[in-house]
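Hello,

Here is the structure I promised to pass on. Please have it open while you read my notes below.

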Amino acid sequence: MTSKDYYERLGVSKDASADDLKKAFRQLARKYHPDVNTGNKEAEEKFKEINEAYGILGDSQKRAQYDQYGSAAFKPEDFAGARDFKFSFDDLFSDFGFGDIFNTFHGGRSRSRPRQGADIRYDLEITLENAFYGLETKIEVPLYTTCPRCGGTGAERGALKTCPQCNGAGEVRRMQSRGFMQFVSIAPCGKCNGTGKIIEKRCAECRGDGRIYETRKIQLKVPPGVDDGSYLRVPGQGQAGANGGPSGDLYVLIHIKPHPTFERQQNNLFCKTAISLASAVIGGEVEVKTISGNARIKIPPGTQSHTIFRLKGQGMPGVHSGRRGDQFVKVVVAIPEKITKRQRELLEEFSMGETVKVETTRGFFERLREFL
């Protein structure tokens, strides 16, 4: 899959600051926003691409993943909402102090339009074994949810009435005459604050907010092969929306605990094991631990300390393919601290006439890790 250059899409350099990214995004979004390009499919697609780029680069965690692995680090479904329209035309001009002007032109309805709830983040720590086999668990997330008593209206049943001042329009119009000219001014209704509705009696549970704060239990499925720093997206499990808007999404950030035996790099696992001096010299077999059980390694005669053995297909599974990586085992020859007199005699006899060429080089294990 071809990697997408999000920096190029926003027209910024890779060392751009967060403020630079935001500024570049808003400038492009104003240019390609659907409100100013009605019916222009090319501009609409461009706007989605800009949203997708800023959805990744505007988040420090996602940006770090992108800088390291490119767009291939993300599944399409992980950030399905990244291409959606995140800002209204009003929002894009709000930084320039034009918000009230556009609210007036839009009849003040921007206050009452449905707004999507905020996304929330939850940090989940799991073991390497959990990441290998996958995990189904329940997490408890504190968040705002739609009030069950009033359904988000903020009013007791039957206590939400149409505003008598604006007749539900959310705006009031005033006609002024100056000579032969007439002017119409449009402003948000001051009685209902532009909502078009009046709460005669506030909901006893949410006190008129339409939302309540609670801890929600959410069933979560962690797929096999998930890596440290990965995000899991749970649609619709974020903060409740306002004025009937949809809920935001929940993003679960995965943290994997350090393992006492294995070090992970992508889908490969690394470990080390000790072998006896005799096994290194005359050969033998050694049993080593794998993430899913045990395996045996055949040690050839004359094996040097820090030799690397590869166990094919004994690493972590790929999240998408399920295909397992490899396990690399470094064997270290264990030198006994104490030996018997007979063992000493045998070693001295063995070493008589032996010539060993000593050369200091960078170890193969270190070079292998750099390559991977």
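Which residue in E15 does Thr 307 stand opposite? Thr 307 faces Val 331 in E15. The two strands involved, E14 and E15, run antiparallel and are joined by five bridges. Strands here are DSSP runs of at least two residues (E) and helices are runs of at least four (H or I), numbered from the N terminus. Two strands count as paired if DSSP finds at least two bridges between them.

Before going further, a word on where this comes from. The model is predicted, so to speak of a local feature a pLDDT of at least 70 is needed, and side-chain atom pairs count only at pLDDT 80 or more, while totals for chains, interfaces and linings use all residues. Residues are numbered from 1 along each chain as its sequence is written, and side-chain values use heavy atoms, with hydrogens and water left out.

**The overall picture**

The protein has 10 helices and 15 strands. Of its 372 residues, 38% count as buried, where buried means under 20% relative accessible area, exposed means over 50% and partly exposed is in between (1.4 Å probe, protein chains only). Looking at contacts (heavy atoms within 4.5 Å), 66% of those between residues at least 6 apart in sequence join residues at least 24 apart.

**The four-stranded sheet**

E14 and E15 belong to an open sheet of four strands with mixed pairing, in the order E10-E11-E15-E14. E10 and E14 are the edge strands, each pairing on one side only. On average, neighbouring strands in this sheet are turned by 30° against each other, direction ignored; angles are taken between N-to-C directions and run from 0 to 180 degrees, with axes as lines fitted to C-alpha atoms, for helices over the stretch in contact.

A polar atom of the Gln 327 side chain lies 3.0 Å from the backbone oxygen of Lys 289. That is a polar contact, meaning a pair of N or O atoms within 3.5 Å; within protein, one must be able to donate a hydrogen and the other to accept it, and residues adjacent in sequence count only if both atoms are side-chain atoms. Leaving aside residues up to four places away in sequence, Gln 327 also touches others, including Phe 262, Leu 269, Cys 271 and Phe 309.

Strand E12 (residues 284-290) and E13 run antiparallel, joined by seven bridges, and a hairpin connects E12 to E13 through two residues.

Asn 268, in strand E11, is also buried, with a relative accessible area of 15%. The side chain of Asn 268 reaches the backbone nitrogen of Asp 326 at 2.9 Å.

**Two positive phi values**

Most residues other than glycine have a negative phi. Gln 266 has a positive phi near 55°; this residue is in the loop between strand E10 (263-265) and strand E11 (268-276) and is partly exposed at 49% relative accessibility. His 306 has a positive phi of about 75°, lies in the loop between strand E13 (293-299) and strand E14 (307-311), and is partly exposed at 43%.

A second open sheet, with mixed pairing, has three strands in the order E1-E9-E8. Its edge strands are E1 (120-126) and E8 (231-234). E1 pairs with strand E9 (residues 250-256) in the parallel sense over seven bridges, and Ile 126 stands opposite Ile 256 in E9.

H4 lies across E1, E8 and E9, running at about 130° to E8. How does H4 (residues 60-69) meet H3 (residues 41-57), and at roughly what angle do their axes cross? The axes come within 6 Å and cross at roughly 100°. The two helices are therefore roughly perpendicular (65 to 115 degrees; under 35 is roughly parallel, over 145 roughly antiparallel and the rest oblique). Gly 55, Ile 56 and Leu 57 of H3 make the contact with Lys 62, Arg 63 and Tyr 66 of H4.

Happy browsing!
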